[in-house]
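Here's a quick tour to read with the model open beside you. Grab a viewer and follow along.

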Amino acid sequence: MAVRAVDSLVSLLSAAVSARSPLLGRAAHARVVRTLGHPLPALVCDHLTHMYSKLNLPSSAQLVLRLNPTRSVVSWTSLISGSVQNGHFSFSLLMFVDMLRERVRPNDFTFPCAFKASGGLCMPVTGKQIHGIAIKVGELVDVFVGCSAFDMYCKTGLKDDARKLFDEMPQKSRVAWNTYISNAVLDGRPQDGISAFIKFRRAGGVPDYITLCAFLNACSDTANLGLGHQLHGYIFRSGFEVDVSVANGLVDFYGKCGEVGCSEMVFDEIHEPNDVSWCSLTSALVQNHEQEKACITFLMARKEGIQPTDFLVSSVLHACAGLAWLELGRSVHALAMKACVMGNIFVATALVDMYGKCGCIEDAEGAFHDMPQRNLITWNSLIGGYAHQGLADMAVAVFEKMLSSCSEIIPNNVTFVCLLAACSRAGYVELGMDIFASMRRRYAIEPGPEHYTCIVDLLGRAGMLERAYDFIMKMPFRPTISIWGALLGACRIHRNPELGRIAAENLFQLDPKDSGNFVVLSNSFAAAGRWEEATGVRKEIKDIGLKKGTGCSWITVKNEVHIFRAKDTSHERNSEIHTTLSELKRDMEEAGYIADPTYALYDLEEEEKVSEVWLHSEKIALAFGLISVPPVVPIRITKNLRMCGDCHGAFKFISRITGREIIVRDNARFHRFQDGRCSCKDFW
């Protein structure tokens, strides 16, 4: 009867651990005391110690252990393992030392916990001491002890010791090989991991799901699509495709290798996708610039009952940032707060980035200041948000604050791209040049093509076209597509088709299939009134067989995206839209507005040119916004091309006569129109 009572009470303690319920655990402890009295049997004491340590109550676990008169290696290991599992590494090592003081010999379960604690604290000296004890008591020959020691050396940065220990293992089990491959990938040595996998297979080793996932990570880190395809074939032949962890690894691998279609195919074959499956697919879509699909995938995951994790939330926030989908971004923000993942630095950083790229710089600032801790990516996100708005003064102020308040944070390439972009959009030529010069002089960062592109853009936007061209000619490397593209765009703005022709010819050599370069050159000739040459370039596009990308603008109203093209008449509310446009035109002309026909791209009569520029896609989208968006809500429009000068001037007029706030995100920057003024100060 007594044995049955003990078994019943032990089961009750195990149930409390399974339920992760400290309340149930304490109630079970009280039941044990009432039933068995004192002293408690050693078996029950060990289970109590195990329960409290697993439930993250180390003080209670230690107290029970101290009250146990017959403390054994099982007692101590129960306390140490539970503490390690809950991240109390220092406490675990102290208990390990106390165990040794009581002359209790550690076993093959104690040593892996001690090694894990040493690795978690990055204490190589302590790890080596534990290694010595393991050799002394003869436990290192155990495969799990050996693997734990190897893992500890990897995590504490002692790579040579780790390799020596691995080579000296008398028998390398699958666990040992898994540990080696996984640590090679985590340490940034994916090729070493691939070589180890090949050796493992040649030695007759049979991989399990851990081996396959680690190898897939190695393939994705090296972008080795061919090797990954071979492994996919092995997975299919060996039946591992039904393992959800392996399938998740395949989704992630194909996404990182740019084969997002294969990621979707693998995902569709998963019988019961878990939260990692949905996270992997969402991340793969974002990495491959399929932001709209990523958002749809996130919404599907929520319908399937998937709870938002920090990884899933940060991924979909990046997708919202790419689409400037503010409405969904705000909803995800609320969901993140409800799911209590806002404390995660990656989620909070993604939120700063999303608000910055959606033009809500005040919300980005709020999210930034609410963060208890920040990393370099967080600071870069806020600086980038100011750059999108052309707020160079604020971007530089945040940069200086980062340097003064966070001595351990060192700016990187992205930081300077954001700063230079801010200077470019604000027209701060000298400040931009000073920042560029300081990269080498003060921060020992060698400028890359992206930094040179920013300087060409800076000089070009400011009208210093010859200086920009000279800067290109003095570059220490061959100018890239982006660099010549920045010069060509500047020539279009400042109507210098001769220099634009030089930039375009270089672009034609570097990227002959991009019709956009031909279009910009044609527009440069058209803006300068050289219609014959503009027509010749357009004819060349047709002769080569290239298709010109269509310019469009879109606006989101009540979670529905409405897309408009120039002269669009396809919308269901077309008559209302064009009535509104006519009324706007009349009111604007009465207020002194004069259309700029130079932005018409074809040789037409003057009246026809005015009519053409009036029907640009962003104006049609604005008219729809005026009849669809409540007056107190800003009208947000996104355009896939640069906003033309006539539309820019018209939007200033419209913001004044309607009293509406209008925010436009084109392919260059944000424009916030209020009371007849634009945040770009007419420099974009």
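## Before you start

This is a predicted model, so local features are given only at pLDDT of at least 70 and side-chain atom pairs count only at pLDDT 80 or more, while totals for chains, interfaces and linings use all residues. Residues are numbered from 1 along each chain as its sequence is written, and side-chain values use heavy atoms, with hydrogens and water left out.

## The second largest pocket

Start with the second largest pocket, which holds about 620 Å³ of space. On a 1 Å grid over the protein atoms alone, a pocket is an open set of points where a 1.4 Å probe fits, with protein on both sides within 12 Å along at least five of seven lines; lining residues have an atom within 4 Å of a point. Grid points are joined across faces, edges and corners, and the volume is the space filled by probe spheres set on them.

The lining of this pocket takes in 31 residues, and Trp325, Glu327, Ile555, Thr556 and Val561 are the ones nearest the centre. Two or more lining residues come from each of α18 (291-303), α20 (326-338), β1 (552-557), β2 (560-565), β3 (635-639) and β4 (662-665). Helices (H or I, at least four residues) and strands (E, at least two) are DSSP runs, numbered from the N terminus. Strand β1 gives the largest share, 5 residues. By type, the lining splits into 22 nonpolar, 3 polar and 6 charged residues; here Ala, Val, Leu, Ile, Met, Phe, Trp, Tyr, Cys and Pro count as nonpolar, Asp, Glu, Lys and Arg as charged, and the others, Gly among them, as polar.

## Salt bridges

How many salt bridges does the structure hold? There are 22, counting a side-chain nitrogen of Lys or Arg within 4 Å of a carboxyl oxygen of Asp or Glu. One of them joins Asp98 and Arg101 (3.4 Å, N to O). Both sit in helix α6 (residues 89-101), 3 residues apart, or about one turn of the helix. Asp98 is buried at 17% relative accessible area, whereas Arg101 is exposed at 65%. Buried means under 20%, exposed over 50%, and partly exposed in between (1.4 Å probe, protein chains only). The two also belong to a salt-bridge network with Arg66, Arg71 and Glu102.

Next, look at Arg174 and Asp208, whose closest N and O atoms are 3.5 Å apart in a salt bridge. Arg174 is in helix α11 (residues 174-186) and Asp208 in the loop between α12 (190-202) and α13 (209-221), so this pair ties together parts 34 residues apart in sequence. Arg174 is partly exposed at 38%, while Asp208 is buried at 15%. Arg586 and Asp587 make a salt bridge too, again with closest N and O atoms 3.5 Å apart.

## Two buried residues

Ser277 sits in helix α17 (residues 275-287) and is buried, with 1% relative accessibility. Its side chain makes a polar contact (N or O atoms within 3.5 Å, one able to donate a hydrogen and the other to accept it; residues adjacent in sequence count only if both atoms are side-chain atoms) with the side chain of Asn248, at 2.6 Å. Leaving aside neighbours within four places in sequence, Ser277 is in contact (heavy atoms within 4.5 Å) with Val244, Asn248, Phe267 and Ile270.

Val341 lies in the loop between α20 and α21 (345-357) and is buried at 12%. The C-alpha atoms of Val341 and Thr309 are 7.0 Å apart, though 32 residues separate them along the chain. With neighbours within four places set aside, the contacts of Val341 include Pro308, Thr309, Asp310 and Val313.
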